[in-house]
Amino acid sequence: MTPATVYLVGAGPGDPGLLTVRAVQCLRRADVVLYDYLADPAVLEHAALSAELVPLGHHEGGRVLTPEDITRRMVAEARAGRTVVRLKGGDPCVFGRAADETAALREAGVPFEIVPGVTSGLAVAAYCEIPLTQQDEASCVALVTAHERNEKEESGVSRLDFAALAAFPGTLVFYMGVGRVAQWSAALMEHGRKPDTPVAVVRRCSWADQETVRCTLGTAASVVAERRLKPPAVFVVGEVVERAPELSWFAARPLFGMRVLVPSAPGTSRKLRDLLVGLGAEVMVQPAIRITPPPEWAPLDAALEDIERYDWVVFTSANGVDAFMERLLESGADARCLHRVRLAVLGPGTAEELASYRLKADRVAETFVTESLASSFLEEAAGTRFLLVQGSRARKVLPATLRMAGAEVDEVVAYGSEDVMEPDPKTAAAFAAGDIDWITATSASAVRSLARLYGDALRSARFASIGPVTSAALRELGREPDLEASPHTAAGLVDAILRVGER
């Protein structure tokens, strides 16, 4: 068997928006993804649902693999005909052991490709506004590792020429320097670098909890110790640090430093999450329900084959829109088969999802309440044919109301939903520490699932409800929502959180 390709892919410093187009292409075709703990989980959403995702160290429940273990796994998977993505934080070729891995792959006869990523030592220029090069102060940059291979450390011999680094006419960026800050800072000063040389310590560059600490070469070791700074971090050493503003554009965003829990599946929460991240929030995703295929496709397939017999197709959720349209397109048809039917949706959010398929809703229930949509059809329902595209847990108010008004109603289950039974360990720890500021309540089922998973721990955070039905579910559980969105959309929810912040 001809071996499959191994892709050594740079995931960037943290912000999933920095992933390259080529990296996304590789993730979509991967059968196996071996990923570093520094890769943002959102990056993994580009992988196919069938892909095997393998964490490499520092993960809850994840086994820490040695570099040799990882290389052997890549070779074995490729020889078995499985396409492999080795996903690395930053850039594979900047302190990423790419040369060792490519040598092993070449020796094994396994084809490979290197996909570059943004390395954190350069990302600090944009995210912290530190101009690494500046015509008056620095015409060059050196990327330096403060953590050399074990055999060099044990022998006491370093390949770093600290005399040359001390005299370097530009900016020094030290990687992996937290644990050895006392040694490398002292070595630079011993060889002539001034103790008052400005230094910026940047933790988790481009992440929502990015932290920048300013000090000098002479105080760097004591500052790291006093503030208990931990990796991952880079140290920027040079006069250019003084040119950075106290608050960069990244840290000045209105929700920077705020942690928000989005209790829904990554796919269905993408718009809400993107809005929050764009405003600076750190978003934690705890799926409260898992979207699944329907018990059977036959009823939906039959409705699609005879779609022209209906006067109205009604969608009660964005998930229903996605399932319906994906099944329609998979059948070989397209939106033209909907030319004579009219489309109705429950809530502006569902209308937005329909619009993503270039389809405009003919009727939108402005409040995210089934009764609102049902009442809008009362005067015209008699003799009208409706197709209701719903989830497995849909309420029966809408079909019952339409039938009582004389309509002919077919109901099809386009997707299933099931409760997630296990809490996420990272989310549970954040609740225990009181580190979650907001919970975005996007559906009644999500609220009930969260209550089952976390119980009284939810009281440490505020609830932002998307609409009346969700608010009612919160009240049933003895919790008054801290705010309710208007309009009842992802954008309305984020705007409401912003307004509370301004007050």
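**Exercise 1. Count the helices and strands of the protein, and describe its overall build.**

*Solution.* Start with the secondary structure: there are 18 helices and 21 strands, where helices (H or I, at least four residues) and strands (E, at least two) are DSSP runs numbered from the N terminus. Before going on, keep in mind that this is a predicted model, in which local features need pLDDT of at least 70, side-chain atom pairs count only at pLDDT 80 or more, and totals for chains, interfaces and linings use all residues. Residues are numbered from 1 along each chain as its sequence is written, and side-chain values use heavy atoms, with hydrogens and water left out.

Next, take the extent: along the principal axes, the C-alpha atoms fill a box of roughly 90 × 65 × 45 Å. Then turn to burial: 49% of the 503 residues count as buried, meaning under 20% relative accessible area, with exposed over 50% and partly exposed in between (1.4 Å probe, protein chains only). Finally, look at contacts, defined as heavy atoms within 4.5 Å. Among those between residues at least 6 apart in sequence, 68% join residues at least 24 apart.

**Exercise 2. Find the largest nonpolar core and the elements that build it.**

*Solution.* A nonpolar core is a set of buried Ala, Val, Leu, Ile, Met, Phe, Trp, Tyr and Cys residues joined through side-chain atoms within 4.5 Å. The largest one has 26 residues, and those with the most contacts inside it are Val313, Phe315, Phe324, Leu338 and Leu387. Two or more residues each come from α10 (298-305), β14 (312-315), α11 (318-330), β15 (342-346), α12 (348-355), β17 (385-391) and β18 (408-419). Of these, α11 gives the largest share, five residues.

Now zoom in on Val313. Leaving aside neighbours within four places in sequence, Val313 is in contact with Ile307, Phe324, Val341, Arg342, Leu343, Ala344, Leu387 and Val389. Another core lies apart, with 25 residues, among them Ala142, Phe162, Leu217 and Val224.

**Exercise 3. Which residues of helix α9 are buried, and how are they arranged around the axis?**

*Solution.* First list them: in α9 (residues 270-278), Leu272, Arg273 and Leu276 are buried. Then look down the axis: the buried residues of α9 fall within an arc of 95 degrees, so they line one face of the helix. That arc is taken from the directions from the helix axis to the C-beta atoms. As a reminder, an α-helix has 3.6 residues a turn, so residues three or four places apart point the same way. Just after α9, Gly280 takes a positive phi of about 105 degrees.

**Exercise 4. Describe the positive phi values of Phe95 and Ser206, and say how accessible each residue is.**

*Solution.* Phe95 is not a glycine, yet its phi is positive, about 55 degrees. Its place is the loop between β4 (84-88) and α3 (98-107), and Phe95 is partly exposed, at 38% relative accessible area. For Ser206, phi is near 80 degrees. Ser206 lies in the loop between β8 (198-203) and β9 (211-216) and counts as buried, at 4% relative accessibility.
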